[in-house]
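Thanks for making the time this morning. I would like to walk through one model with you, going from its packing to its pocket and then to its charged side chains.

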Amino acid sequence: MNELIKMYDYRSLNNTLGKPKYIFDIKKFEVYFSLVCSLLVTSIVSIFALTNMQDGKTDVIVTTTQDILLNATFGLLGMLGFIISGLAIISGTIGYKVTRQMVIEEKFKSLLSILFSFFYIGRFVGILIIFFISSYFSLGIRLPFNVYLYIIVCLALSFSLFFATFFSVSLLGTCINMFVLNYLYTTETIAPEQTNRSDEQFLDARINAITVILNTRFGVSREEFTDTVLHCINKDYQGEEREVLIRKFKEYYSIENHEK
């Protein structure tokens, strides 16, 4: 069991799924739009920092930035709760039959990749929270203010924040896709069972009809019919298979004791 769990930890899944690097895929909307937004925000912050540096108002820069970092940290904590809840709900709605059907169709890896996206962004947000808190306290250290380092850190943190936000929003679409996927595979797995059940009911109806005809037209009693059925079972089947058929025979005809 422990070995099975280790197969699906973060590192193993990362290797199994081909080391997906969502944050470096510039073709993704979450990445390039986050980059555009972070560049815009960094430009505004740079102007804010440079103008206040000229006026000697470094404390204003530090205080304002700390307020933003603190509020962003609380926002990230709420986002992390949303991600954990979403993963718990999705993993809870995927039943055994759906998972088994996907394994049969060799699509289990696709399912893991969907769930891994929650794992990935949850880990990313957790690390980002640490960086935000570290930056908050670092600004409180009385050191010479380096505006260039400030702008670089601002660009990195703002990009990470926008990426985490847009990626989390995209998971809403993933939740919808999982709902549809769950419905489709549940329908596929239930449909054959319903068909088998209807076939069994139709067969029972035919057997009952034959019994009624034998009884009314040929005077064959119920006891004679059941004795003949039991005789055929004993003659044509052996071992465990015969035991199963006899048990089903007794259950169907409500026979408690019968000689084999």
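When I say that two residues touch or are in contact, I mean heavy atoms within 4.5 Å. With that cut-off, and not counting residues up to four places away in sequence, Val125 touches Leu76, Met79, Leu80, Ile83 and Ala164.

Before going further, a word on the basis: this is a predicted model, in which local features need pLDDT of at least 70 and side-chain atom pairs count only at pLDDT 80 or more, while totals for chains, interfaces and linings use all residues. Residues are numbered from 1 along each chain as its sequence is written, and side-chain values use heavy atoms, with hydrogens and water left out.

Val125 belongs to the largest nonpolar core, which has 29 residues, and together with Ile121 and Phe163 it touches the most other members. A nonpolar core here is a set of buried Ala, Val, Leu, Ile, Met, Phe, Trp, Tyr and Cys residues joined through side-chain atoms within 4.5 Å, where buried means under 20% relative accessible area, exposed over 50%, and partly exposed in between, with a 1.4 Å probe and protein chains only. The largest share of this core, eleven residues, comes from α6; helices are DSSP runs of H or I with at least four residues, numbered from the N terminus.

Ser135 also lies in helix α6, and it is buried, at 16% relative accessible area. Beyond its neighbours within four places in sequence, Ser135 is in contact with Leu69, Val153 and Leu157.

Which helix gives the largest share of the lining of the largest pocket? That is α4, with nine residues, although α3 (29-54), α6 and α7 also supply at least two each. By residue type, the lining divides into 21 nonpolar, ten polar and two charged, taking Ala, Val, Leu, Ile, Met, Phe, Trp, Tyr, Cys and Pro as nonpolar, Asp, Glu, Lys and Arg as charged, and the others, Gly among them, as polar.

Finally, the charged side chains. With a salt bridge defined as a side-chain nitrogen of Lys or Arg within 4 Å of a carboxyl oxygen of Asp or Glu, the count comes to one, and it joins Arg142 and Asp59 at 3.8 Å, N to O. Arg142 sits in the loop between α6 (108-138) and α7 (147-217), and Asp59 in helix α4 (residues 58-93), so the pair ties together parts that are 83 residues apart in sequence. Arg142 counts as exposed at 75% relative accessibility, as does Asp59 at 52%.
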